[in-house]
Amino acid sequence: MRANDPNLKRIDPPTLKWHEKLYVLPIVQGLGVTARHIAGVVFDGKIAGFDLGSKAITMQYPEEQHVPSPNYRGVHRLNKDEQGRVKCVACMLCATACPAHCIDIVGTTAPAEWPDREKYPASFVIDELRCIYCGMCEEACPVEAIELTGLYDLTGLSREEMIFDKTKLLSVFDATRDTEPMKYTRPPVESAGQTRILPSLES
Ligand code: SF4
Ligand code: SF4
């Protein structure tokens, strides 16, 4: 937009009176908000039945573990099928959809004893530090092979440690399969009076 664009609206700053320039009232108002929050934390949100509008939400992590919401998007996993094979068919849709370009897949011809697919990933790498956890890869996958889990506390001491290869992504599946069933096997999601059936491999 140019400086002389006719659509530009110019707003002149208001002229303050002498008492407004002292900023006494805003300071008192700000201190009032701070005092209300402190009282909310000390008295757990209420004084004599009066709701203070805030209370302590600090958790004693790691003694207390945060439980993320079911749709939280954390570390990825590569799902396995009933036979323990990687479900991915190396179609590259997730890598194409990824806005951060952090998925690198090398597909290869599937073994003859895998008649249900033409390809599988010889290599599957996700740079977890470049990822913006948007979930587009999960949305794009036609066979529910890649999912974002509720894991939020995975750390590494180097960049290399946060570049997850196929083995590591499959191990995340092993670590989370019991606590987070694959989404296509989860029960229908009820929301706002509507039922959304999650996609099924059988359909
Ligand atoms: S969550 Fe988004 S940024 Fe991360 S790998 Fe998937 S598509 Fe890429
Ligand atoms: S994870 Fe899914 S979208 Fe990505 S290459 Fe494998 S099958 Fe295709």
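## Ligand 2

In this predicted model, ligand 2 is surrounded by 14 residues. Cys88, Cys91, Met92, Cys94 and Cys141 are the closest of them. The shell is nonpolar throughout: its residues divide into 14 nonpolar, no polar and no charged.

What is the largest cavity? The space taken by ligand 2.

## Ligand 1

Ligand 1 also has 14 surrounding residues. Here the closest are Cys98, Cys131, Cys134, Gly135 and Cys137. Ligand 1 sits in the second largest cavity.

How do the residues of the shell around ligand 1 divide, and how many are polar? The count is 12 nonpolar and 2 polar. No charged residue belongs to this shell.

## Helix α4: the buried face

Helix α4 spans residues 166-176. Its buried residues are Lys166, Leu169, Leu170, Val172, Phe173 and Thr176. Viewed down the axis of α4, these buried residues fall within an arc of 145 degrees, so they line one face of the helix.

Which strands do the buried residues of α4 pack against? They pack against β3 (76-78), β5 (119-127) and β7 (163-164).

## Helix α4: the exposed face

The face of α4 turned away from the buried side carries Thr167 and Ala175. Both of these residues are exposed.

Conventions:
Residues numbered from 1 in each chain as written. Chains lettered and ligands numbered in written order. Predicted model: local features only at pLDDT ≥ 70, side-chain atom pairs only at ≥ 80, totals over all residues. Heavy atoms only, no water. Near = heavy atom within 4 Å. 1 Å grid on protein atoms, 1.4 Å probe; cavity = no way out; pocket = protein on both sides within 12 Å on 5 of 7 lines; lining within 4 Å. Sits in = over half its atoms within 2 Å of the grid points. Nonpolar A, V, L, I, M, F, W, Y, C, P; charged D, E, K, R; others polar. Buried < 20%, exposed > 50% of the residue type's maximum accessible area, 1.4 Å probe, protein only. Helix = DSSP H or I, 4+ residues; strand = E, 2+ residues; numbered from the N terminus. Arc of directions from axis to C-beta. Contact = heavy atoms within 4.5 Å.
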